[in-house]
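Subject: Structure handover

Hi,

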Amino acid sequence: MSKKEKTRPEVITKEAAARKIVDVARGVHEDITKKGRKPSLSFPVRSLANVKYDAKRGHFEILGKKATRTLSYNTVKTFAQSMRLLATTKNDLLDRDDIAGKREVYYNSKSWGECRFDSQPESDTLLDDMEAMLGINREQLGYIPEERGGDVCGELVVIDRDPRTGADIKINCAKLGSGAWSIPSRVEHLRFETKAKLILVVETASLFQRLVHHHYYERANCVLISMSGVPTRACRRFIRRLADDRNLPVLAFTDGDPYGYCNIYRTLKAGSGQAAHINRFFCVPQAHYLGVTPQDILDYDLQDATHPLADVDIKRAKDALKNDPFIRHHKEWQQALEQMLKMGVRIEQQAFAKHGLNFVLDTYLPEKIKKGKFLP
C-alpha cells in the first residue's frame, strides 16, 4: 500500500459498521451481566478544547479527551436513547440497506415510549455523539444530510448505481446541456472516470454558471464544482473522494473576504473544530487557494471594485489571526489577512467584470493557474 493510500480515510462497509455497534452493545451487556457494574458509553469530547491542527495530515484532529456516559438515575433516559439509536441504526438502516434523515430520526423516536426525543436538537446531538463514538461518518451509517451537495460540470464521468438493481449508471458531467449534475447526499459508492488535470471549486453559483455557459472546463481540462457558500459534508466528501481516486489537485476560488478565507476555504481544506472527530473524511488537504487574494486587487487594478470591510469582517479576520490553528500555522495566510486588514477592503469574485464579463475566464484564471502560485 502506498503512503498516499494510507492517508485516505477508510470507506467502512455496512457489515463493519454493524459489527462496531454490536461490540458497543456487547460491552454494555457484559458490564451488567458479567462485571456487575453500571454500564457506560465513552465519547470523544467535541469541542475546540479537544482539537489540534495536524499539519502532516492537513486537517483538524480530535485529541484524547473523552466524556463517559454512565447509567444512573440522572442519565437513564439519555442512556436509553443512545442504545435505542444504536439499535435503530443497525437494524433499520445498516441491515436493511436503508437511509434516514435527521428529521426522520426525531419522529421515529415517537414510537420509543418513555425514551423518545422531546426535540430534534436532542436527537441531533446524540447522532453526533454516536458518529464520534463509532468513528464512522453518519453517511456511511445510512443517515443523509438535509442540504444539497453542490453542482458538478466538466470532464468527468460519475459512475452511480441503480438502488433497486445495483446496475451501473454513468453520468457524463460534460454532456448535461446548460445545466450541471447535483452531488447526491451519499457519495461513498460513486466511482469516477476522467482525464481532467484539476478540480476547480467555486464559491458562487453565478460565477459557476458563467464558467459552465462558456465551457471553461474544456479549455482548462478541469472539473468544475460549485459550493454555493460553505461546502456541505456531501460536497466536501465528493471532492475528497474524486481528488484521492484520480490523484487530482484541487484549487479553490472564493470571494476575497474573511468569510471566504476563514470559513469557506478553511472548512474545505482542514475541516472544522466542532467536527474534528470526522474531519479525516470530509477535509480536502490537497486543496490550495487560487483567489481572490488581497494581492489580486493590486495586480489586476481592482481598487475601485472593492467594498470596505465591515466590523464583522474585521472581527473575523482578527479572531482567525489570534485563534485559528490553521491560520496560525501558515504564515502565508497570516500575511494575506494582515494585508487585507491594512487595505481595509474586501472583494467579490464578480469584480473582474470591471475589465469585461469574461475577463475572469479569458485572463484571470488562465494566468493564475499558469503561474501556479497559490496560498496553502
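Below is what I found, element by element.

First, a caveat: this is a predicted model.

Start with strand E14, residues 250–253. Val250 and Ala252 point one way from the strand. Leu251 and Phe253 point the other way. All four of these are buried.

E14 has a parallel partner in strand E12 (residues 198–202), with 4 bridges between them. There, valine 202 stands opposite phenylalanine 253. E14 also pairs with strand E15 (residues 287–291), again in the parallel sense and over 4 bridges. Leucine 251 has histidine 288 of E15 as its bridge partner.

**The E9-E8-E11 sheet**

Next comes an open sheet of 3 strands, ordered E9-E8-E11, with antiparallel pairing. Its edges are strand E9 (168–172) and strand E11 (191–193), each of which pairs on one side only. From one strand to the next, the twist averages 30°.

Strand E8 covers residues 157–161 and is joined to E11 by 3 bridges. In that antiparallel pair, valine 157 sits opposite glutamate 193 of E11. Helix H9 (residues 233–246) lies across both E8 and E11. Its direction makes an angle of about 55° with E11.

**Helix H5**

Does the length of H5 agree or disagree with its residue count? It agrees: helix H5 (residues 120–134) has 15 residues, so at 1.5 Å a residue it should span 21 Å, and its end C-alpha atoms are 21 Å apart.

How many residues of H5 are buried? The count is 11 of 15, so the helix is mostly covered, taking buried as under 20% relative accessible area. Just after the helix, glycine 135 takes a positive phi of about 70°.

**Lysine 90**

Which residues does lysine 90 contact, leaving aside its neighbours within four places in sequence? They are Ala18, Ile21, Val22 and Asp95. Lysine 90 and leucine 141 are 51 residues apart along the chain, and their C-alpha atoms are separated by 8.2 Å.

Best wishes

Terms used
Residues numbered from 1 in each chain as written. Predicted model: local features only at pLDDT ≥ 70, side-chain atom pairs only at ≥ 80, totals over all residues. Heavy atoms only, no water. Contact = heavy atoms within 4.5 Å. Buried < 20%, exposed > 50% of the residue type's maximum accessible area, 1.4 Å probe, protein only. Helix = DSSP H or I, 4+ residues; strand = E, 2+ residues; numbered from the N terminus. Pairing = 2+ DSSP bridges. Axes fitted to C-alpha atoms, helices over the stretch in contact; angles between N-to-C directions. Expected span 1.5 Å × (residues − 1).
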